[in-house]
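Me: Please take a close look at one helix and the rings and neighbours along it.

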Amino acid sequence: MSKSHEQQPHRPIEELILEERMRPVPRWRKALIRPELGSICGTILVFLLFAMIAGDSGMFSAEGFINWGTVSAQFAIIAVGACLLMIAGEFDLSIGSMIGFSGIVIALLTVQWGWPAWLAIITAFAVAIAIGALNGFLVIRTGLPSFIVTLAFLFILRGLTIFIAISTTGKTIIGGVREASEGDFVAALFGGKVFGGFFRWLADNDMIATFVAGPRAGQPVVDGIPMLMVWALILIILGHFLLVRTKFGNWIFAAGGDAQAARYVGVPVNRVKILMFMLTAFCATIFATCQVMEFGSAAADRGLLKEFEAIISVVIGGALLTGGYGSVIGAALGALIFGVVQQGLFFAGVESSLFRVFLGVILLLAVILNTYIRRRITGER
């Protein structure tokens with residue numbers, strides 16, 4: 001044995017691990033392994049593309065901003081819940097059906113049964129959250145994949161929604177919600193607009209367009225920020241804070257990364273997963289309530305395919321389908337990409353059927369970029 005080896009005694013493995021974890025990590029390396037990197041690059045590329053092909057179409061005017069911002073907010077609301085659930089290692093394919101179900105519940109209670117709007121909205125949230133808890137409970141107790149359990153609820157909820165609407169009203173669309181909820185404070189939290197005075201000031205100073213004819217002549221074309229966008233922003237901020245600034249956020253990552261190992265160190269994995277199913281139902285109901293209050297009606301087919309749009313937004317945002325890795329900010333950017341592409345093609349005058357093709361390309365590029373960089377930096381194969 002050489003002299004150098006004689007002078008270096010064997011070090012405990014715990015000490016070596018601690019030394020490795022305490023080793024400084026360059027900022028560039030930290031940035032490259034962030035899950036939202038792919039969506040950040042995708043967002044920049046999408047805005048640059050549409051700035052070139054649709055920059056003079058009004059896409060980036062105040063009206064255009066509200067247009068694609070509202071669509072992006074729709075995706076973002078359901079993407080926040082789907083993101084946290086996917087990081088926890090589960091899926092919820094019943095999100096879209098929950099949107100239609102919750103909307104019909106609100107419309108029936110207010111229009112058909114004469115309930116106050118605030119009570120109907122609270123009831124819809126309570127029922128949806130209970131169904132979300134049931135989803136989680138069945139996944140945990142039966143050991144079945146969440147894909148199967150929530151796929152079953154996708155059909156159950158959609159069928160119930162159509163049956164309830166037709167059996168009580170004879171039709172699948174229930175109108176009159178706006179009139180029934182007139183003056184209701186809770187309803188205004190979902191269907192109103194904010195900063196109306198600010199936009200009127202902008203119009204008075206010729207900073208944004210106004211109507212030139214008709215009963216609204218002289219009024220701003222954009223008269224406020226829809227509450228849908230406000231809710232999206234609130235959920236993004238709260239979801240990000242929960243995930244990266246709280247102990248519960250660490251539990252979410254642990255539950256999705258290695259559930260059994262997490263249980264060994266005291267993480268209440270079952271409770272975390274059930275709560276995340278409840279959150280997805282909560283987000284779907286926010287989406288449904290905003291839609292009902294905006295359109296003044298509920299339809300049994302609302303929310304069709306929204307579960308896949310939520311999952312796509314989350315995956316574009318850098319989350320792994322296997323769980324344990326993801327970002328709420330990334331999911332929000334994925335939703336923004338989704339909305340900008342959908343409305344941007346319209347502004348650019350491109351055939352709308354190409355939207356799915358464009359989205360598929362973005363999805364592949366974002367996932368490949370994110371996965372490649374993460375593997376190169378972390379040394380995974």
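Reply: Phe65 and Trp68 sit 3 residues apart in helix 5, so about one helical turn separates them. Helices here are DSSP runs (H or I, at least four residues), numbered from the N terminus. The model is predicted: local features need pLDDT of at least 70, side-chain atom pairs count only at pLDDT 80 or more, and totals for chains, interfaces and linings use all residues. Residues are numbered from 1 along each chain as its sequence is written, and side-chain values use heavy atoms, without hydrogens or water.

The ring centres of Phe65 and Trp68 lie 5.3 Å apart with planes at 85°, so the pair is edge-to-face. Rings of Phe, Tyr and Trp (its six-membered ring) pair if their centres lie within 6.5 Å; planes under 30 degrees apart are stacked, over 60 edge-to-face, the rest tilted. Trp68 is buried, at 7% relative accessible area. Phe65 is partly exposed, at 37%. Buried means under 20%, exposed over 50%, partly exposed in between (1.4 Å probe, protein chains only). Ring pairs also link Phe47 and Phe60 with Phe65 and Trp68 into a cluster.

Now the helix partner. The axes of helix 5 (residues 62–87) and helix 15 (residues 269–295) come within 8 Å and cross at roughly 175°. Axes are lines fitted to C-alpha atoms over the stretch in contact, with angles from 0 to 180 degrees between N-to-C directions. That makes the two helices roughly antiparallel, a term for angles over 145 degrees.

Technical notes
Parallel < 35°, antiparallel > 145°, perpendicular 65-115°, else oblique.
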